[in-house]
Amino acid sequence: MQNATATILKPLPDDLFKLHGDNAEMRWEAMSGQGYHTPTDRFFVRNHTHTPLIDTTTWRLRLHGPGIRCPRELSYDELRAMPSRTYDVAIECAGNGRRFYDRQQHAAAPGTQWGLGAIGVARWRGVPLKHLLKEAGLRPDAVDVVPSGLDAPFEGYGHVRRPLPVRKAMDDVLVAYEMNGERLPPDHGFPARLVVPGWVGIASIKWLGDIEVSTSKILTPWNTVFYPEVTTQPVKSAFELAWNALLRIAGNPLVLHGRSWSGRGRIVRVEVSFDGGLTWREAEHHGHRLVSAWLPWHITWAPRRPGSYVLMARATDETGATQPLVIPRHPLGYNFDAVVRHPVQVVIG
Ligand SMILES: Nc1nc2c(c(=O)[nH]1)N[C@H]1C(S)=C(S)[C@@H](COP(=O)(O)O)O[C@H]1N2
Ligand SMILES: [Mo]
């Protein structure tokens with residue numbers, strides 16, 4: 001089967017993805033019954049141009065710039081031979097949830113009209129960027145670390161690249177070459193990508209070829225025009241259910257599953273409302289309580305009457321940040337962290 005979009009190489013079946021032009025959003029019902037990680041076959045894809053096929057025999061990762069003493073070029077094998085780390089981390093597009101500015105607040109924001117499926121959590125393995133920077137002789141006056149992608153230049157703006165402040169680059173960033181225990185697939189950045197925990201997806205540059213370290217503040221279109229002043233991701237929650245899901249109840253209460261996440265800290269509480277926000281009940285969480293990934297939870301529900309309902313989930317993270325019912329419009333449609341009103345149909349018997 002040929003993909004409807006030729007810019008993504010992996011299959012994009014309709015039961016796993018919703019297409020938005022050249023981007024593929026995960027359908028949340030595709031997480032139902034899955035484990036902690038988003039399987040790679042259903043991980044969302046956001047490409048500025050198209051997935052390149054890169055030959056690792058000629059690929060090199062270049063580290064250079066006035067902010068380091070010893071410029072380096074690493075081959076794929078050299079990178080893989082370095083000490084590695086493995087982290088469970090979410091990658092989420094800054095525009096995740098953008099369509100709810102229009103749907104819930106009647107103030108549409110321009111850009112890809114993502115529902116809540118522009119997020120995935122994978123197990124990433126790679127070399128800590130900190131390690132590479134130290135080996136390259138990071139200078140005390142280094143300011144920004146600018147990773148750039150080997151995908152085709154985007155419109156008139158050049159290669160996709162976004163500066164990271166040295167402080168973040170030296171913290172928990174990974175140069176990843178494995179996703180969920182396998183070689184990074186082409187659509188997700190083969191042979192290597194950055195994984196920047198807690199930050200907007202654009203920070204996690206795919207198809208990494210070049211890392212420049214500067215001694216002054218760097219501006220690129222990706223921290224001015226496209227993603228100005230967005231760094232960490234706010235709190236969000238989603239049910240593992242289709243939009244307008246049909247829920248059949250016969251005797252036993254329903255068990256509804258979902259996940260909540262925040263780029264700013266651990267999730268400490270998740271509450272669910274079935275009556276439009278009048279009353280809230282705490283969901284039970286299980287398993288992980290990680291920073292920069294998500295917290296799975298479930299709640300039982302026994303609706304007495306058939307018909308249309310709206311489900312709402314609201315999470316709070318360890319910084320005390322919680323999801324409001326309404327948020328101010330963001331001109332570019334980022335940071336949609338308001339509670340999403342998820343419609344379902346209940347059938348009894
Ligand atoms: N080189 C490069 N890196 C990129 C992009 C891109 O188009 N080119 N898209 C960014 C954006 S906007 C997001 S949200 C994430 C998406 O990662 P994924 O496609 O692996 O889900 O990659 C980021 N890294
Ligand atoms: Mo993104």
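Hi everyone. Before we start, please keep in mind that we are looking at a predicted model.

Let's begin with the aromatic rings. How many aromatic pairs does the structure hold? There are 21 of them. For anyone new to this, a pair of aromatic rings is described by the distance of the centres and the angle of the planes. Take Trp28 and Trp294 as an example. Their ring centres are 5.6 Å apart and their planes meet at 55°, so we call this pair tilted. Now find the two residues along the chain. Trp28 is in the loop between β2 and β3, while Trp294 belongs to strand β19, and 266 residues separate them, so this pair links distant parts of the chain. Are these two buried or exposed? Trp28 has a relative accessibility of 6%, so it counts as buried. Trp294 is at 0%, and it counts as buried as well.

Here is another pair, Phe44 with Trp114. The centres are 6.0 Å apart and the planes stand at 85°, which means the pair is edge-to-face. Phe44 sits in the loop between β2 and β3, and Trp114 in the loop between α2 and β6, so the pair ties together parts 70 residues apart in sequence. Both of these residues are buried. They also belong to a cluster: ring pairs link Phe43, Phe44, Trp114 and Trp124.

Rings can have charged neighbours too. The charged end of Arg99 sits over the ring of Trp243, 5.0 Å from the ring's centre. Likewise, Arg314 places its charged end over the ring of Trp280, and there the distance to the centre is 4.0 Å.

Next, the ligand. Which residues come nearest to ligand 1? Out of the 19 residues around it, they are Phe44, His48, Asp151, Arg193 and Lys206. Let's look at some polar atoms. A polar side-chain atom of Lys206 is 2.5 Å from an oxygen atom of ligand 1. The backbone takes part as well: a polar backbone atom of Arg46 lies 3.0 Å from a ligand oxygen, and one of Ser204 lies 3.1 Å from a ligand nitrogen. Taken alone, ligand 1 exposes 540 Å², and the protein buries 100% of that.

On to a sheet. Strands of a sheet pair through backbone hydrogen bonds, either parallel or antiparallel. Ours is an open sheet of five strands in the order β14-β21-β20-β16-β17, with mixed pairing. β14 and β17 are the edge strands, each pairing on one side only. Further in, six bridges join β16 to β20, and these two run antiparallel.

Last topic: the backbone. Most residues other than glycine have a negative phi, and most peptide bonds are trans. Where might you look for exceptions? The peptide bond from Phe190 to Pro191 is cis, with omega near 10°, and Pro191 is in the loop between β10 and β11. Glu155 has a positive phi of about 45°. This residue is in the loop between β7 and β8, and at 61% relative accessibility it counts as exposed. Asn335 also has a positive phi, near 55°, and its place is the loop between β20 and β21. With 24% relative accessibility, Asn335 counts as partly exposed.

Note on methods
Residues are numbered from 1 along each chain as its sequence is written. Chains are lettered from A and ligands numbered from 1 in the order in which they are written. This is a predicted model: local features need pLDDT of at least 70, side-chain atom pairs count only at pLDDT 80 or more; totals for chains, interfaces and linings use all residues. Side-chain values use heavy atoms; hydrogens and water are left out. Rings of Phe, Tyr and Trp (its six-membered ring) pair if their centres lie within 6.5 Å; planes under 30 degrees apart count as stacked, over 60 as edge-to-face and the rest as tilted. Helices (H or I, at least four residues) and strands (E, at least two) are DSSP runs, numbered from the N terminus. Buried means under 20% relative accessible area, exposed over 50%, partly exposed in between (1.4 Å probe, protein chains only). A charge sits over a ring if NZ of Lys or CZ of Arg is within 6 Å of the ring centre and within 35 degrees of the ring normal. A residue is near a molecule or strand if one of its heavy atoms lies within 4 Å of it. A polar contact is a pair of N or O atoms within 3.5 Å; within protein, one must be able to donate a hydrogen and the other to accept it, and residues adjacent in sequence count only if both atoms are side-chain atoms. Accessible areas come from the Shrake-Rupley method with a 1.4 Å probe; for residues, only the protein chains shown count as cover. Two strands pair if DSSP finds at least two bridges between them.
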